[in-house]
Amino acid sequence: MHITRMRRMYTFVKEVYSEFVSDRGTLFAAAISFFGIVSLIPLLLLAIGIFGHITGSYESARQQVFMFIRNYFPIGVDQLEENLKSISAYSGVLGGLGVLGLLWTGSQVFAIVQQVMDIALGSKLRVGFLYRRLVAVAVVICAGLLFLISVGITSLFAIIRTWD
């Protein structure tokens, strides 16, 4: 009884691995990771642009963003900060560049995820580049709006708690 279960488990794992390899799973995992990491740069530019506009000081916004980043990415932040300092000379353009860059790289992540899902699920439906890109941009915009709503609601609850 135990040996039969072990054989079924082995067969299952072997089939999953075989499908993963035939579907180029490592390539797609690397692509999703790459564009996910690349999309962090425009996200930082956007955050600095928005917070700089709200606070009136791009330098203060940059410092706040990097304090936040240092908590989660303690290694390699110094080089990133130096590069963004040199870019921040053009702080008026930061927000626009951040939005455009985030839309492009973020949509690339979702376009690749859509492609991966099509391959993994064996979808025969083929759509054009423009349609795929528009769907990916719409997903990025919706995800951004959901993120802003989440942050807004969390901030609202924090404000309500301090009114006691």
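Reply: The accessible surface of the chain comes to about 12,200 Å², a value from the Shrake-Rupley method with a 1.4 Å probe, in which only the protein chains shown count as cover for residues. Carbon and sulfur atoms hold 71% of this surface. This is a predicted model, in which local features need pLDDT of at least 70 and side-chain atom pairs count only at pLDDT 80 or more, while totals for chains, interfaces and linings use all residues. Residues are numbered from 1 along each chain as its sequence is written, and side-chain values use heavy atoms, with hydrogens and water left out.

A nonpolar patch on the surface is formed by Leu146, Ile149, Ile153, Leu156, Phe157, Ile159, Ile160 and Trp163, with about 860 Å² of accessible area together. Patches consist of residues with over 30% relative accessible area and no salt bridge; like charges are joined within 9 Å, and nonpolar side chains (Val, Leu, Ile, Met, Phe, Trp, Tyr) within 5 Å. A salt bridge here is a side-chain nitrogen of Lys or Arg within 4 Å of a carboxyl oxygen of Asp or Glu. Leu146, one of the patch residues, lies in helix 7 (residues 129-162). Helices are DSSP runs (H or I, at least four residues), strands likewise (E, at least two), numbered from the N terminus. Leu146 counts as exposed because its relative accessible area is 58%; buried means under 20%, exposed over 50%, and partly exposed in between (1.4 Å probe, protein chains only).

As for the interior, 24% of the 164 residues count as buried. The largest nonpolar core has seven residues: Leu44, Ala47, Ile48, Val65, Phe66, Ile69 and Val77. Helix 3 (40-55) and helix 4 (58-72) each supply at least two residues of this core. A nonpolar core is a set of buried Ala, Val, Leu, Ile, Met, Phe, Trp, Tyr and Cys residues joined through side-chain atoms within 4.5 Å. Beyond its neighbours within four places in sequence, Ala47 is in contact (heavy atoms within 4.5 Å) with Gly52 and Val65.

The secondary structure amounts to seven helices and zero strands. Confidence, given as pLDDT (the predictor's confidence in each residue, from 0 to 100), has a mean of 78 over the chain, and 88% of residues reach 70 or more. Confidence is highest in helix 1 (residues 2-22), at a mean of 89, and lowest in helix 5 (residues 77-87), at 71. Where pLDDT is low, the predicted coordinates should not be read in detail.
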